[in-house]
Amino acid sequence: MAETKVVLPGDIIDTSLDSDEEESSVLRLGPGVAQIDEQVSAVAAGVLHSDNEKKQWWVVSNKRRYVPAEGEPVVGVVVARHGEGYRVDIGSAQGALLPLLAFEGATKRNKPNLAVGTVVYARVAVANSVMDPEIECYNSHTGKSEGYGELAGGFMFKCSLGLARRLIDSKAPVLNALGSGIPFEVAVGLNGRVWINTEAPATTVLIANAIKNSEFLDAKQCRQMVKELLEKQ
Amino acid sequence: MDMDDTSEQQQVAFAMHTFERIHHTEFQRRFLSQNTRHDGRAFSQFRATHVTKGTVSTAQGSSTVRIGNTTVVCGIKAEVSEPDVKTPNEGYLVTNVELSPMCSARFRPGAPSDEAQVASEHIHRLFGKAVDLATLCIESGQAVWSLSADIVCLKYDGNILDTAILALVAALEDLRLPEAQLDSATGVVSADRTIARQLTLRKRLFPATFALVDTYLVADADDAEEQLATTSVLVVLDDSGRLANIWKRGACPVSNETIHQCIESAVERAETISKTL
Amino acid sequence: MSSESVIVTPGRRLGLTQEYESGPGTYVRNGMIYSSILGTKKIEQALAETSDDSIKRPMLFVERQNTKFAIPVIGSEILGRVVRINPRAASVAIMMVDSAPCQEDFQGIVRVQDIRATEKDLVQMINSFRPGDIIRAEVISLGDQRSYFLATTKNEHGVVFAQSEAGNSMIPISWEEMQDPKTQTIEKRKCAKPVT
Amino acid sequence: MVVEIEPSNIEREFLLEALEKGIRVDGRGIYDYRTLKITCSPTYGLVEVQLGQTRVLARVTCEVTRPFPDRPTEGLVQFNADLSNLAAPGLDSSSGKPSVQEVAVSRMIERVIRQSRAIDTEALCILAGEKVWSVRLDLHFLDHSGNLIDAASIASIAALRHFRRPDVTIDGEEAIIHDVNERNPVPLSIHHTPICVTFGFFGSNGDLMLVDPNLLEEQVQVSSFTITLNSHREICALSKAGGVPLAPSLIQRCTQIALTKVDDINDKIQEALMA
Amino acid sequence: MPRPDRRENDQIRALHSILGLLNRVDGSAQFSAGSTSVYCGVYGPVDVKVYDEKLDRAVIEVKFRPAAGVSGTKDRWVESAVRGTFEREILAQMHPRTLIQINIQAREDDGSADAAAINATTMALVDAGVPLRDMVAAASCAVLADGAAVVDPTLEEAAAAQSVHTFAFAGSDIGRAGSGGASGSTSPVYVDSRGDFSVADYDRCYDLCLRSAQRVLAFMRTAIEGKIAKESQISVV
Amino acid sequence: MSANIFDRRRVNGPPRSVEPLYTDEGDVKPFTNGGRADGRSLDQLRPIFIKTGPLAVQPTFSPTAPSGSAYYEQGKIRISCAVYGPRQGRKSNPRMGSFDCDFQYAPFSCSWKRRPHIKGADEKEIALILEQAMAPAIRLEAYPKACIDAFVTVIESDGKFATISAAINCISAALADAGIELYDIVAACSMSLNASQWVSDCNQAEEDVSQCSLFVSRMPSADEITYLLQQGKTMPDQTDRAVQTCSNSCARVYAVLSRYLQASMEQPAS
């Protein structure tokens with residue numbers, strides 16, 4: 001099981017393995033950990049997770065500025081349209097490129113025509129430090145849309161990357177508690193943007209505020225907070 | 001022209017010439033790794049320093065200082081103005097360093113660059129204590145001398161701070177303040193240039209700048225070495241041997257011994273400069 | 001062989017166009033050759049195989065020792081560093097033109113359709129250039145307001161020097177692959193044919 | 001360069017749709033102010049105001065200077081409001097001259113405090129023609145989450161009332177400025193305390209109205225209207241900025257709402273000054 | 001000669017800090033030592049102007065605004081000091097062709113404002129999750145007229161002092177010195193000593209500042225760990 | 001009282017400062033006893049000193065060094081000029097190169113009040129004059145789409161028209177040092193009319209008392225005048241005489257420039 005410890009930038013991480021693996025084994029350093037002058041140390045502040053079997057170390061830290069990574073789902077806003085695609089803001093350093101044909105079943109003749117300001121749910125196709133990131137509204141391996149595409153109606157709000165990751169990773173307590181009370185659609189982007197859609201604006205506002213308040217509450221407190229909100233509504 | 005060996009040399013010269021233009025920084029680093037510098041100086045050797053006073057007749061005090069190729073002309077204009085309410089008998093010393101696009105392609109036309117502003121501010125702070133502003137008083141509360149010292153850089157080849165500080169010290173020593181009285185009725189200050197007095201400097205400042213390139217400590221880095229250097233240490237001594245300023249700028253940490261090493265070579269440098277000043 | 005070497009300043013009368021060809025460092029105005037730079041006046045015997053109809057006139061030129069800075073001209077071969085790439089074009093800082101240095105870098109771009117002569121539409125920028133590579137290319141037009149247009153269609157044009165992800169300099173192993181000797185990793189580049 | 005991102009289409013549509021039903025995105029009523037938190041620091045004249053997430057720091061300092069020749073017996077009051085990238089991306093004017101927003105807010109506060117003669121400049125005179133107090137108000141915007149003007153006006157008034165200047169005694173020609181710990185410092189003489197209340201208008205003909213717009217509402221609103229009232233219920237300034245024309249009857253309604261708002265803001269300032 | 005606020009010569013003023021207080025920037029912090037207080041907001045990595053763009057690393061830009069008055073050359077000086085201090089600590093190679101912008105707003109300046117600016121920047125960078133090689137802690141001290149060296153001087157003490165010294169140290173450096181290593185082996189990341197002082201004064205102030213930088217670093221560590229603990233106790237899912 | 005405008009990017013002095021009233025009689029009045037104060041004959045120019053290229057040796061290529069530089073002295077006038085280029089120009093036109101000039105007085109360079117840092121209208125005008133005077137001499141067609149920048153700073157000025165002609169001579173020397181292709185070297189000289197007598201190369205004191213001033217910049221080998229500026233009232237024949245004598249002095253200055261440039265090539269920069 002991954003043991004957890006709070007680390008700060010500059011803390012040296014001893015990667016000596018308890019099992020007597022030979023020394024030159026390849027370590028896989030996840031985000032927040034890097035090798036500096038022959039020492040492995042943390043470069044971000046957060047909770048250190050390590051997984052001895054796969055010899056992997058990473059730090060979970062709560063950031064607000066999104067750095068694209070391949071395969072991650074994101075919620076973006078179309079900012080401009082030019083030649084071979086749309087320029088979409090996903091909260092990263094450079095705007096992402098969404099090619100015109102990056103939609104399920106899109107061909108040269110019939111392809112979706114998105115206006116500036118449209119919100120899209122997409123996955124990161126290309127992310128490297130050399131070129132601007134590229135996103136696509138379908139899974140290019142399977143060709144299926146898998147829920148990606150334009151998001152119409154509903155409301156979108158920003159939250160921290162840590163909260164977004166928690167909302168996606170597991171059966172987030174706040175989403176389950178809300179789900180039992182009110183039917184709603186949700187699309188969570190790992191770039192810290194959440195899209196909610198219900199029939200009445202009042203419930204959408206309620207769900208949005210519930211999610212935002214759940215950032216610093218644990219599972220039990222979440223259920224309690226959601227129950228109170230539902231009764232008051 | 002026999003073809004083979006000169007073309008051989010041309011081949012090598014061409015390769016070296018191209019390498020110098022393409023990998024400019026790498027080319028410089030090669031010199032340092034072989035314990036020499038691209039102009040043949042030793043690591044702790046300063047460039048030839050020339051100080052001449054009184055080079056501009058239209059300024060009350062002036063000097064021209066050259067360290068290697070870096071050339072600076074400092075001119076001080078003395079004018080009269082009202083003292084600040086809080087300090088009625090203190091004059092003003094306003095120092096500004098001008099790094100125009102003329103002295104190096106590094107500076108763009110228009111407003112002064114950050115480097116020029118930082119240099120002006122640093123020198124303003126250094127000389128705030130070196131000159132006794134009370135000696136600039138003509139009539140307490142009403143009229144004082146306001147010295148505006150402008151340090152114009154003609155050619156920038158690294159180490160502008162040393163050159164500017166030396167130029168200002170020389171110009172202040174060359175300064176001739178005319179005898180002035182305030183006619184309290186008309187409020188007009190009249191001055192007689194034939195009776196002129198020198199400004200007594202509290203202390204003369206002797207600067208020395210050292211740059212750290214990777215692990216090499218290099219004295220008086222020129223423009224090429226400055227672009228390589230991540231860190232620079234400025235040590236300023238006064239004529240009684242006490243320190244006036246230690247200023248380490250830039251990225252890499254510098255060990256405490258290195259700073260002490262810089263202080264020692266700065267003391268030697270102070271001796272040599274005080275002779276030329 | 002050059003006769004006496006006289007130092008001339010710009011605007012000096014050197015000779016008549018009937019007797020001499022005007023070479024670099026000179027200009028012609030109504031029948032007279034004048035020097036256009038400060039340097040030493042040199043006369044060079046014409047090479048034997050000039051076309052026979054023009055009378056073999058020696059060439060008159062002015063030579064200057066310290067470096068003369070060059071500018072990119074259509075057809076000249078340049079050496080430059082790739083600064084930034086996007087799917088449509090790679091922007092290049094031009095540093096040398098026909099083996100003469102430029103005083104400051106000129107801005108040039110290699111459009112994706114000018115990278116390769118064959119299969120123009122299959123070319124992928126990410127597999128041709130990376131920021132930091134040094135490339136040799138040819139100026140194909142003076143381009144737009146900001147950049148010159150460059151092309152690396154010829155075999156001897158393309159990446160001349162590149163560093164791998166690990167940071168060691170790589171060796172070209174084919175016209176589109178370079179290998180890092182230490183880590184054996186192979187990276188895709190549009191390489192220039194090494195000049196033997 | 002750091003750049004501001006426009007709200008997306010669905011945020012715009014949702015906000016208008018909710019507003020028609022009287023619902024606001026952050027759950028407030030349409031006439032409610034966000035929570036107002038005023039903290040006065042131990043140093044005189046330094047007050048930080050938080051209106052929801054909008055955060056403004058006001059600082060009042062004074063120094064002795066020469067008066068203007070044409071008004072020898074009047075002290076000087078100077079303003080400076082600077083918006084930096086700290087408050088919101090892209091606010092920093094890289095060209096050195098202040099950005100449009102910065103000028104708008106700074107002019108608004110100056111109009112509110114100087115033109116309405118909130119501070120008695122005669123009381124700032126020490127020696128006529130010689131020495132006067134020059135009071136300087138610096139506003140620093142730390143977080144732009146909508147409605148900077150209200151937050152700035154509250155912070156300015158609170159800081160001016162919280163400020164104390166050193167005491168001065170005059171004998172003949174000389175003026176002795178007493179050190180702060182020698183003689184306790186003297187407050188400024190303030191005639192009245194103008195407070196701004198800002199309304200946002202939405203919808204094609206601008207009939208949807210709300211008080212204290214937050215960031216999203218401010219980006220989507222078609223017109224905004226600011227009323228400045230003081231505790232004597234006098235209107236000190238009115239300014240309607242932006243697009244859709246407003247019916248005069250609406251202005252009366254806004255003034256009534258503003259009066260109630262100004263009262264409880266003044267109470268909050270009084271409370272903070274007492275603490 | 002006792003200090004006006006009756007502090008020991010080597011006692012720093014009460015430290016206070018808040019993390020993540022501003023919501024429009026990527027990371028923010030307020031750091032105060034006594035009544036000297038500074039806000040810092042960090043954007044990064046964000047898009048960079050084509051002219052300043054560097055192809056192998058992120059550009060680091062610092063903007064400093066003073067507590068009162070119009071910004072002038074003094075603030076450019078502080079900006080260049082802070083940029084120099086963090087140029088290497090920020091692992092800029094991890095985000096090439098981007099910009100990391102540090103915006104500092106001085107709230108109140110009652111002495112050792114440069115040190116407070118450096119400490120606030122460290123906390124804001126950590127809050128923004130910008131990759132850092134190490135944390136930086138800064139402290140300053142002054143040699144008074146009677147030769148006594150006092151730490152964390154107020155504005156009044158610094159004005160009357162013979163010389164004022166400001167040092168900044170990297171965290172790992174402080175750790176090594178803390179564990180009894182000789183102070184000679186440490187390497188300051190930033191040094192600014194001004195006034196009229198001897199080499200002995202310089203060394204004395206160096207040690208004093210090293211020890212108070214240790215205390216500042218310990219304070220920052222507990223503040224950040226507290227925030228992470230609060231955030232993460234619900235993430236153990 | 002002249003107000004100094006507050007400049008956020010420089011260290012600022014007091015808001016108002018003025019020159020004191022000098023009671024001593026200063027230097028000798030010009031033209032008092034027929035001759036000139038410094039003993040020169042009416043058409044004698046002040047001694048010229050020129051130094052081109054870097055002062056100390058420039059061991060390797062430096063991307064920020066100017067391609068050509070010159071320091072020019074004529075009597076008390078001192079001017080420094082640096083030439084950069086051919087390099088990428090902001091506004092570039094594909095057929096011809098462009099030539100830009102930047103002119104600045106050093107704050108301490110004028111005998112009267114200190115010049116403010118921010119460029120005045122007269123400095124911008126002189127920059128335009130220098131550009132128009134030099135452009136005809138440069139073979140701009142050899143530098144398509146590139147631009148050549150010249151930056152001139154006056155360290156000490158003595159006579160406005162004399163300073164402008166000295167600046168033109170200084171730029172010519174710098175362009176030649178930079179190896180820029182030129183049709184010819186431009187030489188310039190100035191004259192002033194005092195009591196219906198033309199006096200060559202007048203200093204500030206002489207210019208102040210003269211009725212008219214004039215300067216000519218000329219390319220001697222093709223005998224083309226690139227710039228002619230007269231300020232003040234004269235009869236047409238007086239101006240013709242002035243232009244004639246001024247052109248001869250330009251030829252003399254041209255000779256000095258050429259001699260110096262040739263000498264500088266013989267023994268390379270020390």
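**Note on a predicted multi-chain model**

1. Helix α5 of chain E, residues 199–232, lies across β12 of chain B and also across β6 (136–143), β7, β8 (163–170) and β9 (188–197) of chain E, and the helix runs at about 140° to β6(E). The model is a predicted one, and the values below should be read with that in mind.

2. The strands under discussion belong to an open sheet of eight strands, whose order is β10(B)-β9(B)-β11(B)-β12(B)-β9(E)-β8(E)-β6(E)-β7(E), with antiparallel pairing. At the edges stand β10 (216–219) of chain B and β7 (149–151) of chain E; each has a single partner strand, so one side of each is left without a neighbour in the sheet. From one strand to the next, the twist averages 20°. As background for a new reader, the strands of a sheet pair through backbone hydrogen bonds, in either a parallel or an antiparallel manner.

3. Within chain B, strand β11 (residues 231–238) and strand β12 (residues 243–250) run antiparallel and are joined by seven bridges. One position to look for is B:Val235, whose bridge partner in β12(B) is B:Ile246.

4. Where does the sheet pass from chain B to chain E? The crossing is made by β12(B) and β9(E), which run antiparallel and are joined by five bridges, and here B:Trp247 has E:Asp192 in β9(E) as its bridge partner.

5. The contact between these two chains takes 26 residues from chain B and 27 residues from chain E. On the side of chain E that touches chain B, the elements that give two or more residues are α1 (73–87), β9 and α5 of chain E, and the largest share, nine residues, comes from β9(E). Sorted by class, the residues on this side of chain E are ten nonpolar, nine polar and eight charged.

6. Which pair of chains has the most contacts? Among the eleven pairs of chains that touch, it is chains B and F, where 55 residues of chain B are in contact with 44 residues of chain F. Several elements of chain B give two or more residues to the side that touches chain F, including α1 (3–22), β3 (70–81), α3 (114–130) and β8 (188–198). That side of chain B has 20 nonpolar, 21 polar and 14 charged residues.

7. Chain A has four helices and 15 strands, and its C-alpha trace spans about 55 × 50 × 30 Å along its principal axes. Of its 233 residues, 43% count as buried. For residues 27–65 of chain A, an unreviewed UniProt entry lists "domain: Exosome complex exonuclease Rrp40 N-terminal"; in the model this stretch is 0% helix and 54% strand, with its end C-alpha atoms 27 Å apart.

8. Chain C is divided into domain 1 (6–64) and domain 2 (77–188), and the centres of these two domains, taken over C-alpha atoms, are separated by 38 Å.

Key: Residues are numbered from 1 along each chain as its sequence is written. Chains are lettered from A and ligands numbered from 1 in the order in which they are written. This is a predicted model: local features need pLDDT of at least 70, side-chain atom pairs count only at pLDDT 80 or more; totals for chains, interfaces and linings use all residues. Two strands pair if DSSP finds at least two bridges between them. Axes are lines fitted to C-alpha atoms, for helices over the stretch in contact, and angles run from 0 to 180 degrees between N-to-C directions. Two residues are in contact if their C-beta atoms, placed from the backbone, lie within 7 Å. Ala, Val, Leu, Ile, Met, Phe, Trp, Tyr, Cys and Pro count as nonpolar, Asp, Glu, Lys and Arg as charged, and the others, Gly among them, as polar. A residue is buried if 20 or more other C-beta atoms lie within 10 Å of its own, exposed if 12 or fewer, and partly exposed in between; C-beta atoms are placed from the backbone. UniProt positions are given in the numbering used here, feature names are shortened, and annotations may be inferred rather than shown by experiment. Domain bounds come from an automatic or database domain assignment.
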